[in-house]
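Student: I have a new structure to read, and I would like to go through it slowly. Could you take me through its features one at a time, giving the general idea before the case at hand?

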There are 2 protein chains.
Amino acid sequence: MARAGVTVERLTLAGAELADEVGVENVTVAALARRFGVKDASLYFHLRNAHDLRVRIALLALAELADRVAAALAGRAGKDALVAFANAYRDYAREHPGRYAAMQIDLDPETAAASAGVRHAEMTRAILRGYRLSEPDQTDAVRMMHSTFHGFVSLEQTGGFRHTPRPTDDSWSRTLDALDAVLTNWPSR
Amino acid sequence: MARAGVTVERLTLAGAELADEVGVENVTVAALARRFGVKDASLYFHLRNAHDLRVRIALLALAELADRVAAALAGRAGKDALVAFANAYRDYAREHPGRYAAMQIDLDPETAAASAGVRHAEMTRAILRGYRLSEPDQTDAVRMMHSTFHGFVSLEQTGGFRHTPRPTDDSWSRTLDALDAVLTNWPSR
DNA sequence: TGGTTTGCCTAGTAGGGCTAGGCTACTACC
DNA sequence: GGTAGTAGCCTAGCCCTACTAGGCAAACCA
């Protein structure tokens, strides 16, 4: 029988595509095997288990997102950088809802430390250079930024904003204005 | 054979408890049946399917949260109300992680419209009365608030803040300060 | 060219979702 | 207080997914 040429990389990519199409929760080893015209048992030669697959998808997504953010951030500073970062983040989440959802799975500490998530975190901090915040305000601001972005995107995806007619794009840009305002004038105790 | 006294209400409550213990994704009809000392097939007399169960848990959680928020909000205004609301929200999510996660499932429009989610939304708007915002700023502000709360709580739960030593409680209260500041001085175009 | 490794296979276990159809305990009504 | 109906549970059985063990053949490599 001919070999299908399955590799972990191809499996991860196909899994990511599948996630975007049907949701991470429906990314099954069996479905992936069908996609490769192979029996599901065969994939366990490449994958430890189903969770392993999802972790790999998450790591792929983190890397892709970090790349996009890096590209968006190049040559920008201040509010420009904030908006570019935010839009890169949201656009990625909307183009790749499954990958984005996969990113939210709880990685164990060493995996997380080795992931592109740290690059992402560094870039978030880099944005704040334009706002002249020192610790611990910087950490608090990073956390607020991340919360706002993730919360907005997440609620947008699960339909949390549907009940109000106002276009979400408008609320998004006003939210970024507000975030810029509060970062510019971070309340000191 | 004796009757187990299973009702939809008891199933929903037990399902909610199960969700808090093992996560929504592990709330199975089979596990619930075991908990009631009953065969899984029997539950389909009370439940349409597994999704139906999770929706019920979500609705229960929305109602509980709305109650808590209402209690927290009583007699408060301005920043006081904002902080009370936010803490009620976060505390509920931390006490009931499974229920909170269940709340995020995508309800179909009519179910959502009939849920306690609308009470929640009304109360969020009520907070903004203390900040004198008119439409569409109000909607934008509500969305930003909700995003920040949900994002923070969500990231906190999935370990998104673990890589920095700063206590999350501190970042939380500073985030609320920032939110109050920006609502007080909402940037106009 | 023959041995080893690599990549796929079949077969089988366990568990979850769900349906069909059967039996029984309770309820209501005459 | 007997009996018809129904509500609440059951068994049996289907399909799907995760995962393991062990077999066989293609590819590689000495």
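Tutor: Let us begin with the salt bridge, which is a side-chain nitrogen of Lys or Arg within 4 Å of a carboxyl oxygen of Asp or Glu. A case that joins the two chains is that of Arg162(B) and Asp106(A), whose side chains meet in a salt bridge at 2.9 Å, N to O. Before going on, please keep in mind that this is a predicted model, in which local features need pLDDT of at least 70, side-chain atom pairs count only at pLDDT 80 or more, and totals for chains, interfaces and linings use all residues. Residues are numbered from 1 along each chain as its sequence is written, chains are lettered from A and ligands numbered from 1 in the order in which they are written, and side-chain values use heavy atoms, with hydrogens and water left out.

Student: How many salt bridges are there between chain A and chain B, and how many over all chains?

Tutor: Between chain A and chain B the count is 6 salt bridges, while over all chains the count comes to 38. One within a chain is formed by the side chains of Glu95(A) and Arg68(A), at 2.6 Å, N to O. This pair links distant parts of the chain, since Glu95(A) lies in helix α5 (residues 78-95) of chain A and Arg68(A) in helix α4 (residues 50-73) of chain A, 27 residues apart.

Student: What is the secondary structure of chain A?

Tutor: Helices (H or I, at least four residues) and strands (E, at least two) are DSSP runs, numbered from the N terminus. By that rule, chain A comes to 10 helices and 0 strands, and its C-alpha atoms fill a box of roughly 65 × 40 × 30 Å, taken along the principal axes.

Student: How should I read the contact between the chains, and how many residues does it take from each?

Tutor: Contact means heavy atoms within 4.5 Å, and here it takes 40 residues from chain A and 40 residues from chain B. The size of an interface is often given as the accessible area lost when the parts come together. Buried area is the accessible area (1.4 Å probe) that two parts lose on being put together, summed over both, and between chain A and chain B it is about 3400 Å², of which carbon and sulfur atoms give 54%. Arg143(A), Met144(A) and Arg174(A) supply 21% of the area that chain A buries against chain B, more than any other three residues.

Student: Why do the copies meet through the same surface, and how are they related?

Tutor: The copies meet through the same surface because 100% of the interface residues of chain A are also interface residues in chain B. To compare copies, they are superposed by least squares on the C-alpha atoms of residues with pLDDT of at least 70 in both. A rotation of 180 degrees with 0.0 Å of shift along its axis superposes chain A on chain B, with an RMSD of 0.0 Å. The two copies are thus related as by a two-fold rotation axis, and in chain A the C-alpha nearest that axis belongs to Gly151(A), 1.9 Å from it.

Student: Which backbone features deserve a careful look?

Tutor: Most residues other than glycine have a negative phi, and most peptide bonds are trans. In this model, the peptide bond from Glu135(A) to Pro136(A) is cis, with omega near 0 degrees, and Pro136(A) is found in the loop between α8 (117-128) and α9 of chain A. Arg132(A), found in the loop between α8 and α9 of chain A, has a positive phi of about 55 degrees although it is not a glycine. In chain B, the peptide bond from Glu135(B) to Pro136(B) is cis, with omega near 0 degrees.
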